[in-house]
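Subject: Structure handover and notes

Dear colleague,

Below is the structure I promised to pass on, followed by my notes on it. Please read them with the coordinates open beside you.

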Amino acid sequence: MYNKLTIFFWLVSYFCLSSWLYAETTPPRSGTHLVQIEDGWVRAVPPQLTLTAAYMQLKNLTDQKLTLVGASTLIFTKVEMHQTVFEDNMARMVPVEKLVIAPQEIVMFKPKGLHFMLIDRQQPLTVGDTVTLTLQFEENKTQTIKLEVKEDNGKDSDHSH
Amino acid sequence: MKFKVIIFGLVLGLILIGISYTLWPVLVKTKQLTDFKLTQHQGSAFTLAHLKGKWSFIFFGYTHCPDICPVTLTLLREVKQKLAPYPKYLADTQYIFISVDGQRDTPEKLAEYVNYFDPQFIGASGTEPQINVLTRQLGIVYIRQPEVTTGQYFIDHSATIVLINPQGEIAAQFRAPHTVATIVERYTKIRQPEPVKESS
């Protein structure tokens, strides 16, 4: 009786653990279209500068809320989400740890507002180059997007015309 | 009796607020700057003398600022382009980027940075006390944030663009968010009644 119980215990443990291990090692869902990107670009900066910003229109294509927790790229060591805010005419950057995007909601990453800050560039970048960015969402969901390095023409910020 | 005193006080207060409100632009307009000493991107000194005889748009920031600084310098480049139909204004207007991060923004780095936006833009910086001589006169505030990693820090800073007239006085202050149109419009309006006295 005792033996049977032990075997049962081990079996249960095995199944629990294996499913847990399996879940941990499952490749993240990528390639699926969680979000749609429009007008994505990376700000071209002087060659010596090792940091810049990325902007885009990001639409949640799913019927569930998505929580964006960060991004990564091989070209920069670190990617952070920041929000530029003006308080008493002071420009400040506030880190954004998580961004909840409602189903079908469009979030604007744009100059003078929400942006991805790309820190510590590892290779030269010039206008026309492509930066591959992997967006990381909660529940181990990812999506890889491509952004072109462009000069700021003032179009995306409301300072022209 | 006490009630009357309170009413009198309130009315007096309102009148004073009214007077200061109407006088405010005049007061700001005539604020004469005193000398300061910074280093410009070509390595030479940058002082009050460099502002005299020209109209100067000044913006404060730092090169490690990924969003608002490039946005504002791009905007100033557009202002410069919009002034193209007024050759007279174009010739005697200068654009200055003053880094509040003298520690990292060496003249060489500043040179590359400002040249990227426009080869005619001037970059200047200095030590903290040197920078403060100017920022305090212009009401510009900046706060260095703690280091994120070694040597990596951000600076909160005023986003105001200051316009200095050829006499070295504050002529206008453009508060953020800026638009090319409003800056060009206000600037050309300020320049419209050109002083009759040419030499003074």
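B:Phe57 counts as buried, since its relative accessibility is 0%, where buried means under 20% relative accessible area, exposed over 50% and partly exposed in between, with a 1.4 Å probe and protein chains only. B:Phe174 is likewise buried, at a relative accessible area of 4%.

Before going further, please note that this is a predicted model, in which local features need pLDDT of at least 70 and side-chain atom pairs count only at pLDDT 80 or more, while totals for chains, interfaces and linings use all residues. Residues are numbered from 1 along each chain as its sequence is written, chains are lettered from A and ligands numbered from 1 in the order in which they are written, and side-chain values use heavy atoms, with hydrogens and water left out.

Aromatic pairs

Searching the whole structure gives 14 aromatic pairs over all chains; rings of Phe, Tyr and Trp (its six-membered ring) pair if their centres lie within 6.5 Å, and planes under 30 degrees apart count as stacked, over 60 as edge-to-face and the rest as tilted. The pair of B:Phe57 and B:Phe174 is tilted, because the ring centres are 6.0 Å apart and the planes stand at 35°. Since B:Phe57 belongs to strand 3 (residues 55-61) of chain B and B:Phe174 to strand 9 (residues 170-174) of chain B, this pair ties together parts that are 117 residues apart in sequence; helices (H or I, at least four residues) and strands (E, at least two) are DSSP runs numbered from the N terminus. An edge-to-face pair is formed by B:Tyr116 and B:Phe117, with 5.6 Å from centre to centre and 85° between the planes. Within that pair, B:Tyr116 is partly exposed at 24% relative accessible area, whereas B:Phe117 is buried at 8%.

Ring pairs also link B:Trp55, B:Phe57, B:Tyr86, B:Tyr89, B:Tyr95, B:Phe121, B:Phe174 and B:Tyr187 into a cluster.

The interface

The contact between the chains takes 36 residues from chain B and 36 residues from chain A, contact meaning heavy atoms within 4.5 Å. Chain B and chain A bury about 2,700 Å² between them, 59% of it on carbon and sulfur atoms; buried area is the accessible area (1.4 Å probe) that two parts lose on being put together, summed over both. Of the area that chain B buries against chain A, 23% is supplied by B:Pro66, B:Asp67 and B:Tyr116, more than by any other three residues.

The rule finds one salt bridge across this interface, a salt bridge being a side-chain nitrogen of Lys or Arg within 4 Å of a carboxyl oxygen of Asp or Glu. The side chains of B:Asp156 and A:Arg92 meet in a salt bridge at 3.3 Å, N to O. On the side of chain B that touches chain A, the elements giving two or more residues are helix 2 (68-82), helix 4 (107-117), strand 7 (155-158) and helix 6 (180-191) of chain B, and helix 2 provides the largest share, eight residues.

A loop residue and the chain as a whole

B:Thr160, in the loop between strand 7 and strand 8 (161-164) of chain B, is buried at 9% relative accessible area. Leaving aside neighbours within four places in sequence, B:Thr160 has contacts that include A:Asn89, B:Phe59 and B:Phe174.

Chain B has six helices and nine strands, and buried residues make up 48% of its 200 residues.

Best wishes
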